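Subject: Model handover

Hello,

Here is the structure for your files. My notes on it follow below.

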Amino acid sequence: MAQRGHTISTLVHSDVNIDVWKLFRQGFREGFSLPAFMVLASMIGYGALVHSAGMNIFIAIVSTIGIWGLPGQVAFVEYIILGAPVASLLLAVSLANMRFLPMSLSLVPLFRGSPSGWRWRYLWVQVMSVNTWVGLLRKVPELSPDERGPYYAGFSSVCLMTGTVGTTLGFLMAETLPFFITVTLVFINPIYFAFVFAAMRVRACLIAFAAGAITGPLFYLLTPEWSLPICGIVAGTAGFYADRLLRRFA
Amino acid sequence: MTDAMSTSAQAAPWVLLIMAISATYLWRGMGAVIAARIDPESEFLQWIACVAYGLLAGLISRIIFLPVGLLDNTELVDRLGATVFGFVLFVIFKRNIAVGTLSAAGLFMLLVWLRTQGILSA
């Protein structure tokens, strides 16, 4: 298996004549619009939540950069508020962030064929969020493997920066923000991603997304802890095979 | 050291945070390790991408229909109404993400504000 992977990576010729900083700036610029604004908004909500839990601002910032996935971050704070057992807190955070496994499985192969991009893969998966993942996936047809690393680094940097700024602002403004604002900042994150995915043009993914949206709450009612992986596998398999079936008839 | 039986209230928050970051990185790192061993053109990876989309859709949908935490203090009809409103504008404006998101969030904020003012009954 590993040998096969090696053959594939050496088959792709790498282009050495790329302007790394130009691509980094392009990623930074393209991230510095809606994606970064949404990270800012939702992390303001998160900062306010950490403040309400009575933890300090450094915990707030380090948890944003380190966990870097809002559902897991929220689980972390809420379980501490509840004073839940350590084991259940870790299980909740881990399950809430389980999406990173299929995401990193589909992100990392994009850097195959670029020695420099491939070398940084363990860092790329740490700075990966739904935002940066989609941000790179959308650019795959336009960027060669060598260009993806610097572009992704720029895109991720701006998201991490606005995430840190948002967390700090939210923590500092926690007592002045009225309920209708805080709750909207929490609401904006899932809504934004719903539209990001609805704008995708890959049919298999769209069907999987629709199937997941319908079955997600139902699986949650059946088994709250395991609903996410089950929903992902059922809806993903449905989308994958529905797309093939449609292709056969087209 | 914190053992599994103690509660998170007794443990130092920094210890919990480092454990939470590691628990998250486990999935990320595992993906990177496995990805090195599979063919990037394989059907398995296409299926995995579908699983990621299905999982994220399930998570988003669950947050809107059955939220926990802060959003649990809002009405289902507000969350759903705002989502549908945003989706209609999203389609009208040729799948514009910004228009969809901001109109949904705007209507949601207005509805929640109207309820806190007692103009809309909860």
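**Helix H10 and Thr132(A)**

Thr132(A) sits in helix H10 of chain A; helices (H or I, at least four residues) and strands (E, at least two) are DSSP runs, numbered from the N terminus. This is a predicted model, in which local features need pLDDT of at least 70 and side-chain atom pairs count only at pLDDT 80 or more, while totals for chains, interfaces and linings use all residues. Residues are numbered from 1 along each chain as its sequence is written, chains are lettered from A and ligands numbered from 1 in the order in which they are written, and side-chain values use heavy atoms, with hydrogens and water left out.

Thr132(A) is buried at a relative accessible area of 0% (buried is under 20%, exposed over 50%, partly exposed in between; 1.4 Å probe, protein chains only). Leaving out residues up to four places away in sequence, Thr132(A) touches Val127(A), Tyr152(A), Phe155(A), Ser156(A) and Cys159(A), where contact means heavy atoms within 4.5 Å. A polar atom of the Thr132(A) side chain lies 3.4 Å from the backbone oxygen of Val127(A).

The helix as a whole, residues 130-139, has eight of its 10 residues buried, so it is largely enclosed by the rest of the structure. Its cover includes helices H2 (20-31), H3 (34-52), H7, H11 (145-173) and H12 of chain A, together with helix H2 (43-65) of chain B.

**Salt bridges**

Over all chains the count is six salt bridges (a side-chain nitrogen of Lys or Arg within 4 Å of a carboxyl oxygen of Asp or Glu). One of them joins Glu30(A) and Lys139(A) at 3.2 Å, N to O. Glu30(A) is in helix H2 of chain A and Lys139(A) in helix H10 of chain A, so the pair ties together parts 109 residues apart in sequence. Lys139(A) is buried at 11%, whereas Glu30(A) is partly exposed at 30%. Lys139(A) also pairs with Glu142(A), with the closest N and O atoms 3.1 Å apart; Glu142(A) is exposed at 56%.

Another salt bridge is Arg203(A) with Asp243(A), at 2.8 Å between the closest N and O atoms. This pair links helix H13 (residues 203-222) and helix H14 (residues 227-249) of chain A, the two residues being 40 apart. Arg203(A) is partly exposed at 35%, and Asp243(A) is buried at 8%. Through shared partners, Glu30(A), Lys139(A) and Glu142(A) form one network.

**Interface of chains A and B**

The contact takes 94 residues from chain A and 80 residues from chain B. About 7,700 Å² is buried between them, 79% of it from carbon and sulfur atoms; buried area is the accessible area (1.4 Å probe) that two parts lose on being put together, summed over both. The rule finds one salt bridge across this interface, between Glu43(B) and Arg244(A) at 2.6 Å, N to O. On the chain A side, helix H12 (residues 179-198) gives the most, with 18 residues.

**Cysteines**

The count of disulfides over all chains is zero, a disulfide being a pair of cysteine sulfur atoms within 2.5 Å. For Cys205(A), the nearest cysteine sulfur is that of Cys50(B), 4.8 Å away, which is too far for a bond. Cys205(A) is buried at 8% and Cys50(B) at 2%.

Regards

Methods
Polar contact = N/O pair within 3.5 Å; in protein donor to acceptor, adjacent residues only side chain to side chain.
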